[in-house]
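Hello,

Please find the structure below. My notes on it follow.

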Amino acid sequence: MTPADLVEIELIKRLKYRYMRCLDQKLWDEMVSCLAEDAVASYSAGKYEFAGRDAILAFFRAGMGSTDFLSSHRVHHPEIDLLGPDTARGTWALEDVVIDASRDFALRGAAFYEDDYVKRDGAWRILRTSYRRTFEEVWQRSGPGPQQLTASWWGTGGASQLPIPEHVAKLARSRPGS
Amino acid sequence: MTPADLVEIELIKRLKYRYMRCLDQKLWDEMVSCLAEDAVASYSAGKYEFAGRDAILAFFRAGMGSTDFLSSHRVHHPEIDLLGPDTARGTWALEDVVIDASRDFALRGAAFYEDDYVKRDGAWRILRTSYRRTFEEVWQRSGPGPQQLTASWWGTGGASQLPIPEHVAKLARSRPGS
Amino acid sequence: MTPADLVEIELIKRLKYRYMRCLDQKLWDEMVSCLAEDAVASYSAGKYEFAGRDAILAFFRAGMGSTDFLSSHRVHHPEIDLLGPDTARGTWALEDVVIDASRDFALRGAAFYEDDYVKRDGAWRILRTSYRRTFEEVWQRSGPGPQQLTASWWGTGGASQLPIPEHVAKLARSRPGS
């Protein structure tokens, strides 16, 4: 690893940070610049799969577009490897919180990302992004427990067992059985 | 971005980390070195505004000085831009937790910081710091729900709707109407 | 601080990130490479103390080995100082979540790490790791409150007051009185 490598790694980190900021601030137009046109996404251990930047953005707008849907996605622990001058791979740890008071809904979870990055026209972009959950739990904000465990790395292979909302399901290419 | 830029960026990150550590460890004397003398702060989308390092520190001591007030402020996703040899700007994502068992009080929130930094006498310092909340919620530790949503990026412009404690209010220069 | 220093600091950060990932993914074999053979650990302000890599790993396997024990340990705010070509020191902020549905148990906490690192055979390893809690609280997942505060930086010196499970206690060299 050289100082010049560090510059590339910092640029990849910033790409990821911009992606996360656009997600939680619902900046879908700025989000476009984070993703390669042929990007693929596989969230929640393949429960939600999308091929192409347009499909990923349609998922964001449908699944997280409402301003009642308040989220905090935070990534940590970047382990970024440069594979060549314009390709890289990285793992990250995720913690996320979702609050949707309009549905009396709260969620918190933890996961690990595995991403591929590509440099095109001088800018790094996400080519593939995927995460598998360590755990996920949901609860009704108005009620006492029990909190419901809806994913675990070992128990569900890291995939959420929450039902997919219908307006999202029609966008997702779910794996059979998930 | 050059390797030399990365050194400056790392120094600015460390400044922010020291600021956060001093906050949660209540190290007010060490905190002095993090802030420019003419620093300004605008927390919770302007609900809490302070002009000058002394005013900011008075707020910390009054609002967070009690050892019953246990907090965890964590910043993530630094996007730091060097504007010149001794000025810089940055955004960060924040997650914070407050527990005050003596008041049966808990809070958690998420926000985005926008900061300005200045290098003086060879050391970076915070010249302006501000954050706007994505959400904030509070609850009584002894009771079941409902948790109360007290801020949202879209619903309240990112400002907390919690009443300002009287001993803090006399220090803050609140915006009209907040 | 030079660009060459930044490379060493990045390698130390990656070491810590690998350690945290191995912890939450229960990758005990890969964890071996993170620790010096003579590493010492002092968790929860000395409540859990272990001398030697083998003792630390035995603690991980006994205390966190079950796949019902789901954890998210996230570190933030690295302040890493190089002390020489092959020694370094660092502080980090920690946030951790534990969910064990089989025991109706949940925990969340915050702490600060102080670590020593050593470079041997060309690779950085953890020589000493320790943390002191800002707070820790536990609750029954099935029940309403009250949540129970089990550690505080000021109230308990940062040490957890949770009973040490018997199968772990026999591995730990606890400080008298803790």
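In this predicted model, 24 residues of chain A are in contact with 22 residues of chain B; a contact means that the C-beta atoms of two residues, placed from the backbone, lie within 7 Å. On the side of chain A that touches chain B, helix H1 (3-25), strand E3 (69-84) and strand E4 (87-100) each supply at least two residues. H1(A) gives the most, with 12 residues. Helices (H or I, at least four residues) and strands (E, at least two) are DSSP runs, numbered from the N terminus. By class, this side of chain A has 12 nonpolar, 5 polar and 7 charged residues, where Ala, Val, Leu, Ile, Met, Phe, Trp, Tyr, Cys and Pro count as nonpolar, Asp, Glu, Lys and Arg as charged, and the others, Gly among them, as polar.

The copies use different surfaces, as 17% of the contact residues of chain A recur in chain B.

On confidence: the model scores ipTM 0.90 and pTM 0.92. Chain A has a mean pLDDT (the predictor's confidence in each residue, from 0 to 100) of 90, and 95% of its residues reach 70 or more. Over residues 174-178 of chain A the pLDDT is below 50.

Residues are numbered from 1 along each chain as its sequence is written, while chains are lettered from A and ligands numbered from 1 in the order in which they are written. Local features need pLDDT of at least 70 in this predicted model, side-chain atom pairs count only at pLDDT 80 or more, and totals for chains, interfaces and linings use all residues.

Regards
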